[in-house]
Amino acid sequence: MKKPYRPPVRKEDEHRINEKIRGVVEVRLVGENIEVGVYPFAKAVEIAREQNLDLVEIVPNSVPPVCRIVDYSKFKYEQKKKQKELKAKQVKTVIKEIRFGPQTDDHDYEFKLKHAENFLKENSKVKAYVQFIGRQIVFKEQGFKLLEKFVKALEELGKPEAPPKLEGKRLNVIIAPKSKK
């Protein structure tokens, strides 16, 4: 037996329009070609109909609610467009990790330093940490010295967000790229 067809569930519109605005006696009206002010709800709907536009509730929580007279489909399109622009302008921060041991050799240190420089040039943050395994925690002073040397070497490209901090068996420092002027 076939299941009956059900139309897809549509997301509720975020704005109430025209007769969907309920429980309101008067509204504050804004929009183009309209005298801004407080109107009875019926009069506001009538003004919108005369202009072949929609009455859209913009700020439902204020007293009285703020409504705008506008073409609703055009209004929704502009809202989506604004959201898309905001999303495009967002800066995504990327954190790259670099791991050291307390007795990291000079060659390994230089190799990891070059990687960190490249990451900072790409505008990514660098999280450098010294991992202490087993009884290596007794060498935590070496870890602090290593990270201080690392931070000092990257001074031109980035600055630490906070001094190196020991969390459990990990000594962390996060280096943020310096903003370009």
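## Strand pairing, ring pairs and polar contacts

In β4, Ile69 is the bridge partner of Gly31. This is a predicted model: local features need pLDDT of at least 70, side-chain atom pairs count only at pLDDT 80 or more, and totals for chains, interfaces and linings use all residues. Residues are numbered from 1 along each chain as its sequence is written, and side-chain values use heavy atoms, with hydrogens and water left out.

**Strands.** Helices (H or I, at least four residues) and strands (E, at least two) are DSSP runs, numbered from the N terminus. Two strands pair if DSSP finds at least two bridges between them. β1 (residues 26-31) pairs with β4 (residues 66-70) in the parallel sense, over four bridges. With β2 (residues 37-40), β1 pairs in the antiparallel sense, over four bridges. Glu26 stands opposite Pro40 in β2. β1 and β2 form a hairpin with five residues between them. Asn33 in that turn has a positive phi of about 60°.

**Rings.** The whole structure holds four aromatic pairs. Rings of Phe, Tyr and Trp (its six-membered ring) pair if their centres lie within 6.5 Å; planes under 30 degrees apart count as stacked, over 60 as edge-to-face and the rest as tilted.

| Pair | Centre distance | Plane angle | Class |
|---|---|---|---|
| Phe100 and Tyr109 | 6.2 Å | 35° | tilted |
| Phe100 and Phe150 | 5.2 Å | 75° | edge-to-face |

Ring pairs link Phe100, Tyr109 and Phe150 into a cluster. Buried means under 20% relative accessible area, exposed over 50%, partly exposed in between (1.4 Å probe, protein chains only). Phe100 is buried at 2%. Phe150 is buried at 0%. Tyr109 is buried too.

**Charges over rings.** Here NZ of Lys or CZ of Arg is within 6 Å of the ring centre and within 35 degrees of the ring normal. The charged end of Lys149 sits over the ring of Tyr109, 4.4 Å from its centre. That of Arg170 sits over the ring of Tyr129, 3.9 Å from its centre.

**Polar contacts.** These are pairs of N or O atoms within 3.5 Å; within protein, one must be able to donate a hydrogen and the other to accept it, and residues adjacent in sequence count only if both atoms are side-chain atoms. The side chains of Arg170 and Gln131 are joined by one of 2.9 Å. Gln131 lies in β6 (residues 125-131). Asn172 lies in β9 (residues 170-177) and is buried at 10%. Its side chain makes a polar contact with the side chain of Glu167 (3.0 Å).
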